[in-house]
Each structure stands twice: as structure tokens, then as C-alpha cells.
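Subject: Handover of a structure and its findings

Dear colleague,

Please find the structure below for your review. My notes on it follow directly after.

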Amino acid sequence: MMALFCDSALLADGWHGGVRIEIGPQGTITALTSGTTAQPGDQRAKGPVLPTLTNCHSHAFQRAMAGLAETAGSTEDSFWTWRVMMYRLAGLLTPDGMQAVAAKLYSELLKGGFGRVTEFHYVHHQADGTAYATPGETSLRILAAAQEVGIGHTHLPVFYAQSGFGGAEPNAGQRPFLHDVERFLRLLESLETPFARGGATLGAAIHSLRAATPEQMQALLSSGLTHGPIHIHVGEQEKEVEDCLAWSGRRPVEWMLDELPVDARWCAIHATHMTEAETARLAASGAVAGLCPATEANLGDGIFPATQFLAKGGTIAIGTDSHVATSVAEELRLLEYGQRLRDRRRNRLVVGPGASAGRTMIEAVLKGGAQAAGQATFGLAVGAPADLLVLDGASPYLAAAQGDQILDRWLFALGGDAVRDVMVAGQWRIEDGRHAQDEAIDRAFAAVLRRLA
Ligand code: ZN
């Protein structure tokens with residue numbers, strides 16, 4: 001047993017002073033007392049303490065190209081031109097390379113305040129589509145990277161079979177992603193034991209409505225995807241909306257809610273383009289909207305109707321998707337700023353007068369992230385894993401801040417550097433902004449980038 005004494009900590013009902021967190025040998029919180037004093041042998045947090053956040057959407061390999069798609073091409077650049085570059089990268093990475101990139105990314109996510117990552121994993125095969133000797137090879141490499149850096153992991157092998165609505169044939173760049181239903185179900189089955197042994201959660205994803213036919217989706221849902229979270233990209237791009245309308249006469253989110261059994265197990269990634277009716281229906285479904293504000297800005301996707309969605313009681317989570325950003329602060333700041341730029345008003349994502357935008361967003365994505373990742377417990381509470389972060393108490397900005405001001409200073413003024421220490425399942429993984437394996441992780445990652453250059 002160890003105990004961490006915090007001068008201030010964000011518990012389920014708000015900020016408390018003099019908080020003592022006892023952590024058992026399994027890495028869960030066994031006792032929590034506030035308004036108390038430190039006892040001999042306690043560790044002392046070196047700043048304000050709050051739970052880590054869950055990243056609801058990651059394609060780890062894409063971190064290798066972050067920042068390299070910012071040069072204008074000959075035609076108007078869009079999501080679709082970016083995708084050509086991403087396909088090339090997916091075909092070049094070996095399993096070793098994928099593991100090295102994931103380890104680098106996951107160490108960065110820890111430093112940014114994420115204690116768990118939900119990996120939406122679709123690069124299953126070699127560039128020409130040939131399967132690896134072990135069908136789940138790349139999933140197992142991603143798990144190994146998560147274990148190496150000590151970040152919590154929810155894994156979503158992705159079903160991908162078509163290149164467009166109505167069962168269009170896949171193109172050459174998509175060969176590393178493809179499965180038929182039967183082979184995909186065998187992949188899921190093969191991953192159950194290693195992921196359970198590794199303490200990771202296994203769910204599944206359907207890449208998008210473009211990547212699977214209605215018959216394939218029904219076959220998956222009736223036979224394979226019986227437990228764990230289910231994620232899908234939906235309504236990210238205007239072209240996707242147009243194509244879906246041309247194919248079905250309905251918009252993507254509308255089609256998904258009409259035709260699929262969407263409930264609290266589901267997470268709709270992006271859901272950027274929705275009518276008011278779709279927004280209300282998605283909120284009422286109980287599904288999480290998985291938002292990736294930095295990637296959505298980078299790809300020119302659009303602005304999610306967050307104020308309307310939250311007003312209807314919707315649940316949101318944040319992810320870093322293509323990893324042009326890797327911190328909680330950058331994603332949440334952009335989420336709020338997108339709403340402000342659209343509405344030309346300030347403090348949009350608040351529960352009412354006197355509420356802090358930082359606190360409102362942190363509470364929303366703490367709950368939504370746990371739901372999207374299939375976590376039964378979350379936050380600083382007895383029985384939950386000891387997943388927590390310590391903001392830098394030596395920062396004059398934070399030393400002088402009280403209560404929710406701490407969150408607003410962190411998210412709006414300081415950013416990722418304000419995260420000092422990060423504990424996952426009772427073990428310190430980041431101390432004073434560093435991971436113990438930083439040098440080895442950087443060496444392996446640099447070698448991959450040199451090979452790709
Ligand atoms: Zn994505």
C-alpha cells in the first residue's frame with residue numbers, strides 16, 4: 001500500500017483540500033480522505049491533482065507523419081489529398097516500426113495528461129495485402145507499445161472492406177486494411193486472450209459507412225460484436241454527407257441511427273456534420289460523440305455542434321486521432337474555441353452562469369471518455385484505478401490559482417507543459433515531465449523516421 005497526499009485534488013464532487021489517496025497493490029484507490037493531514041511515509045504531490053483523461057480515438061501510426069502534410073499540393077488540399085499520404089505511410093511501416101511509433105506517441109499522450117488510449121486500429125496486413133504469419137500481429141505490437149510505456153489501453157480492431165457507399169471495390173492503398181466478415185471475427189477471437197492477459201479492453205470498430213456494406217455491418221453485429229465498445233467514423237466530411245445522400249437519400253448520422261442498434265456502447269467519431277434533428281437523436285441514443293478538435297481543424301473537417309449537443313444531454317469524449325496534437329489541453333482549448341469562433345461569443349461549453357469552461361469540459365470528457373473506452377470506473381474515487389496527473393505546483397500561474405481557475409489556467413494559458421507527473425494504475429509513468437524510457441523510445445522512433453524519410 002502507498003499513500004499520496006495532495007494539498008488540493010479534484011474529486012467527483014469538486015475540489016478538496018488536504019486529500020489523502022491510498023493505493024492498493026493492484027493499483028486501485030482503496031481509501032480517500034479529504035480535509036486531513038499527511039501521515040509519515042506519504043508521498044506528497046507537487047501540485048494540484050486530478051484524474052487523467054481517456055483518449056477516445058487514436059491511429060498511432062499517423063504520429064509519424066504529423067506536421068508533414070502542411071505543404072500545398074497542385075490541387076486544392078483536402079482530407080482526401082491528405083489521405084493519399086497516410087495510405088503511403090501505412091504501407092511502409094513494418095510491425096517493428098509501428099510499435100516504435102506507438103511507443104513514442106503513447107509516451108507523449110501520457111505527458112499530455114491522457115492515462116488511457118483507445119486505439120482505432122486498421123493497419124492489419126502488409127502493403128500488398130498479404131497477411132502476417134500471426135493475424136493479429138500489428139494489434140499485438142500496439143499492445144506491446146502500450147505496456148512498454150504503461151498507458152491504459154482499449155483496442156478496437158477495425159473492420160474495413162469497401163472504398164465507398166454501396167460496396168465500391170477497395171483501392172490499392174487500402175489493401176493493408178481489408179477483411180471479410182469471417183476473417184475479421186477470427187481476428188477478434190484470436191485477440192481476446194492476449195488482450196485480457198495484458199489488462200487491456202477489447203472492443204471493435206467499423207471504419208465508416210463507406211467501408212462496409214449494410215449486410216456486412218449486420219453480419220458483424222449479429223455474430224461478433226457482442227461485448228465491449230463499438231466505434232465508427234461518421235459525418236466527418238461534407239463529401240461523405242453528399243455521397244451518403246446520393247446512395248441512400250439519408251445523411252450519414254441519420255442513416256446510422258436508423259439502421260444500426262446505436263446505444264451507450266457506441267462512439268460516433270467526429271459526427272461533425274449533423275442537422276438539428278440528427279444532433280438531438282444522437283444525444284438521445286446514449287452514444288458518445290468522439291471529438292478530435294485538432295485533427296478536425298487540421299483536416300478542414302468543420303465544427304462539431306457541441307453547444308447544441310450538450311444542451312440535448314449528449315455525451316462527449318476527446319481523442320487525438322491523427323496526432324497533430326497530443327495533449328488534453330490543446331484538444332479542449334480548440335473544442336471551446338471552435339464554438340466561440342462560430343458563435344462570436346465567449347464561454348460556450350459551460351453549464352451556466354459562474355461555471356468554468358475548463359471544469360465543464362473536463363467533467364464531460366472524463367465521463368464520456370470512460371464510457372467510450374469501456375471503463376467501468378473512472379475519476380478519483382474508491383475502487384477506481386489510481387490514474388491521476390499532477391499539475392506543476394511550482395508554476396506561479398498555478399500556485400496562485402484556486403479551484404477551477406487551476407483548470408482554466410492549464411487548458412487556456414499553459415497547455416501540455418503544465419502536466420508534471422502522471423500515474424497509471426498506481427505506478428508513476430511520467431515524473432517531472434519525463435518518462436523513464438524516453439531515451440530508448442526516442443532512439444527507436446528516430447530510426448523509423450530516418451527509414452521513412
Ligand atoms: Zn480517425
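I begin with Q162, which sits in the loop between β8 (152-159) and α4; helices (H or I, at least four residues) and strands (E, at least two) are DSSP runs, numbered from the N terminus. This is a predicted model, in which local features need pLDDT of at least 70 and side-chain atom pairs count only at pLDDT 80 or more, while totals for chains, interfaces and linings use all residues. Residues are numbered from 1 along each chain as its sequence is written, and side-chain values use heavy atoms, with hydrogens and water left out.

Q162 counts as buried, at 9% relative accessibility. Here buried means under 20% relative accessible area, exposed means over 50%, and partly exposed is in between (1.4 Å probe, protein chains only). Apart from its neighbours within four places in sequence, Q162 is in contact with G167, A168, P170, Q174, R210, A211, A212, T213 and Q216, where contact means heavy atoms within 4.5 Å.

The zinc site

Which residues supply the protein donors of the zinc ion? They are H57 (NE2), H59 (NE2), H233 (NE2) and D321 (OD), at 2.1 to 2.6 Å from the ion. Donors are N, O and S atoms within 2.8 Å of the metal (3.2 Å for Na, K and Ca); water is not among the atoms, so sites may look incomplete. The angles among the 4 donor atoms run from 82 to 174°, and the site is irregular. Four donors count as tetrahedral if all angles lie between 85 and 135 degrees; four count as square planar and six as octahedral if opposite donors are over 155 degrees apart and all others between 65 and 115; anything else is irregular.

Along the sequence, the donor residues follow the spacing H-x1-H-x173-H-x87-D. H57 belongs to strand β6 (residues 53-58) and H233 to strand β11 (residues 230-234), so this pair ties together parts that are 176 residues apart in sequence. Both H57 and H233 are buried.

Helix packing

Two packed helices are described by the angle between their axes and the distance between the axes. Axes are lines fitted to C-alpha atoms, for helices over the stretch in contact, and angles run from 0 to 180 degrees between N-to-C directions.

Helix α3 (residues 137-149) and helix α4 (residues 181-197) have axes that come within 11 Å and cross at roughly 10°. The two are therefore roughly parallel to each other; angles under 35 degrees count as roughly parallel, over 145 as roughly antiparallel, 65 to 115 as roughly perpendicular and the rest as oblique. In this contact, S139, L140 and L143 of α3 meet L191, P194 and F195 of α4. The residues involved divide into 5 nonpolar, 1 polar and no charged. Ala, Val, Leu, Ile, Met, Phe, Trp, Tyr, Cys and Pro count as nonpolar, Asp, Glu, Lys and Arg as charged, and the others, Gly among them, as polar.

For α12 (357-372) and helix α14 (residues 404-414), the axes come within 7 Å and cross at roughly 85°. That makes α12 roughly perpendicular to α14. From α12, residues A357, G358, R359, M361 and I362 meet D404, L407, D408, W410, L411 and F412 of α14. This contact divides into 7 nonpolar, 1 polar and 3 charged residues.

In helix α7 (residues 252-259), the buried residues are P252, V253, W255, M256 and L257. They pack against α5 (214-223), β11, α6 (238-248), β12 (266-270) and α8 (276-285).

Individual residues

L391 lies in strand β15 (residues 388-391) and is buried, with a relative accessible area of 0%. Beyond four places in sequence, its contacts include K46, L398, I406 and W410.

Most residues other than glycine have a negative phi. H323, in the loop between β14 (315-318) and α11 (328-343), has a positive phi near 65° and is buried at 0% relative accessible area. N347, in the loop between α11 and α12, also has a positive phi, of about 45°, and is partly exposed at 36%.

Finally, G35 is in the loop between β3 (29-33) and β4 (43-44) and counts as exposed, at 69% relative accessibility. G35 touches G17 and G18, leaving out residues up to four places away in sequence.

With kind regards
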